[in-house]
Amino acid sequence: MAATTIIPTLPLTAKTLIFDTASQTLNIHASHPVPPSNPAKNEHLIHVQTTALCTRELDWPTLFPAAMFAENPEKQITPGYDLAGTVITSPPASPFHPGDEVYARTRASRPGNCREYTISRTEEMALKPQKLSWVEAATVPLSAITAWQALFEHAGVKGLDDPSTDGKRVLITAAAGGTGVWLVQLARIAGLHVVAQVGNAKNDKFVKELGASETVNYKTTSLKQWAEREGMVDIVIDLLGGKSLEDEWFCVKDEGTLISIFEPPENQRPEGLKNKVVKNEFFIMEPNGQQLAEVSRLLDEGQCQPVVDSIWELEDYEGAFERLNEGHANGKVVIKVTE
Ligand SMILES: NC(=O)c1ccc[n+]([C@@H]2O[C@H](COP(=O)([O-])OP(=O)(O)OC[C@H]3O[C@@H](n4cnc5c(N)ncnc54)[C@H](OP(=O)(O)O)[C@@H]3O)[C@@H](O)[C@H]2O)c1
């Protein structure tokens, strides 16, 4: 238990941001009921400090209604599936105790964390890295776990110490964004040669500081042109879909790997490459507290860093979503829920 943490007296209601899917509008509800936690489902009540937004998350109820409402019969969408906060109540066998400072990517089938009190399950949580502030902690879970699963569960890299990465090149698109910064860092730690796609000189310098060995500027060079000049890579991680994903088929070697977190790569397979043999997959990340704890260790050891794009008060949620929707965030857009 964190010795200095003061647990607030539990109110009956809490400020909660709610997305009305019918009108597609967001509103703060000042007196929403504090959510009940179910110990039988490993649920903890958490006092939220910060959360972060994920690009396109307000589209998920339309794109994936079955998954989004699976555990949410009231169909109440609260944005922000990253969470950093303090445990208020925990189930009897939980490793997390009242007063513990934790962070998590909570499952999107339940309301998210743009609210003063939220629910998180044991299997989603890890202790907050000691070095990180509340704002920094919120930037990590969703993006770092997505990058972890892209590399170590889908792209065939066998972990942080895989000797077979020696000499292998990975191309990471949108590399200075929320997920990209984690792909660059984890790929560098795993020993891959990282080619990072960026859009300006500032991000070029930034991703090289994070671990990229080379960059390609999407404003001046298409990925197809880049591969014609620089040769194909072993692994491509796609964050963009569409025309970019089509070009990425020309960047990956025969028998190489193309992973997208945007859409199935087969959707964009070019006409001329119908017979090219490439392991290709789309996946949606799964919350995973154990993987998050591995990332915590890397953060505490200083092997990688959180990246904050911007910080917004809960009342300024419109500005936060506007910033996100511009599509040029560097790292994560964070909302401070508690002053
Ligand atoms: N499947 C999953 O589990 C999963 C998990 C996480 C995210 N996602 C999805 O993955 C996508 C990326 O997420 P994210 O959080 O990393 O996004 P993000 O933070 O919004 O990405 C912003 C980055 O995109 C770059 N960018 C913008 N336009 C570009 C273009 N035309 N070409 C190349 N780069 C461009 C920007 O670079 P500049 O600033 O230089 O313009 C900026 O660095 C989103 O669609 C998100 O919904 C899926």
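Where does the shell around the ligand lie, and which domains give residues to it? Domain 1 (4-140 + 306-336) and domain 2 (145-282) both contribute residues, so the shell lies between them. The domain bounds come from an automatic or database domain assignment.

The structure is a predicted model, in which local features need pLDDT of at least 70 and side-chain atom pairs count only at pLDDT 80 or more, while totals for chains, interfaces and linings use all residues. Residues are numbered from 1 along each chain as its sequence is written.

The protein chain has 10 helices and 15 strands; these are DSSP runs numbered from the N terminus, with at least four residues (H or I) for a helix and at least two (E) for a strand. The radius of gyration of the protein chain is 20 Å, close to the 20 Å that the globule rule gives for 339 residues, so the chain is as compact as a globular protein of that length. That radius is taken over C-alpha atoms, and the rule is 2.2 Å times the number of residues to the power 0.38. Along the principal axes, the C-alpha atoms fill a box of roughly 60 × 45 × 35 Å. Of the 339 residues, 48% are buried. A residue is buried if 20 or more other C-beta atoms lie within 10 Å of its own, exposed if 12 or fewer, and partly exposed in between, with C-beta atoms placed from the backbone.

The C-alpha centres of the two domains lie 29 Å apart. Across the boundary, 7 residues of domain 1 are in contact with 7 residues of domain 2, contact being C-beta atoms, placed from the backbone, within 7 Å. On the domain 1 side, the touching residues are 2 nonpolar, 3 polar and 2 charged. Here Ala, Val, Leu, Ile, Met, Phe, Trp, Tyr, Cys and Pro count as nonpolar, Asp, Glu, Lys and Arg as charged, and the others, Gly among them, as polar.

The ligand has 28 residues around it, of which Gly177, Gly178, Thr179, Gly199 and Met285 come nearest; a residue is near if its C-beta atom, placed from the backbone, lies within 6 Å. By class, this shell has 12 nonpolar, 15 polar and 1 charged residues.

The largest nonpolar core has 90 residues, and Val170, Ile172, Ala175, Leu183, Val184, Ala187 and Ile237 touch the most other members. Helix H4 (residues 141-154) supplies the largest share, 7 residues. Beyond its neighbours within four places in sequence, Ile172 is in contact with residues including Leu183, Val184, Ala187 and Ile237.

Helix H5 (residues 180-189) has 9 of its 10 residues buried, so it is largely enclosed by the rest of the structure. Its cover includes H4, strand S8 (169-172), strand S9 (193-198), helix H6 (201-210) and strand S11 (233-238). After H5 comes glycine 191, with a positive phi near 95°.

Two residues other than glycine also have positive phi. Asparagine 42, with phi near 60°, sits in the loop between strand S2 (25-33) and strand S3 (43-52), and is partly exposed, with 18 C-beta neighbours inside 10 Å. Arginine 56 has a phi of about 75°, lies in the loop between S3 and helix H1 (60-63), and is exposed, with 11 other C-beta atoms within 10 Å.

Note on methods:
Core = buried A, V, L, I, M, F, W, Y, C linked by C-beta atoms within 7 Å. Contact = placed C-beta atoms within 7 Å.
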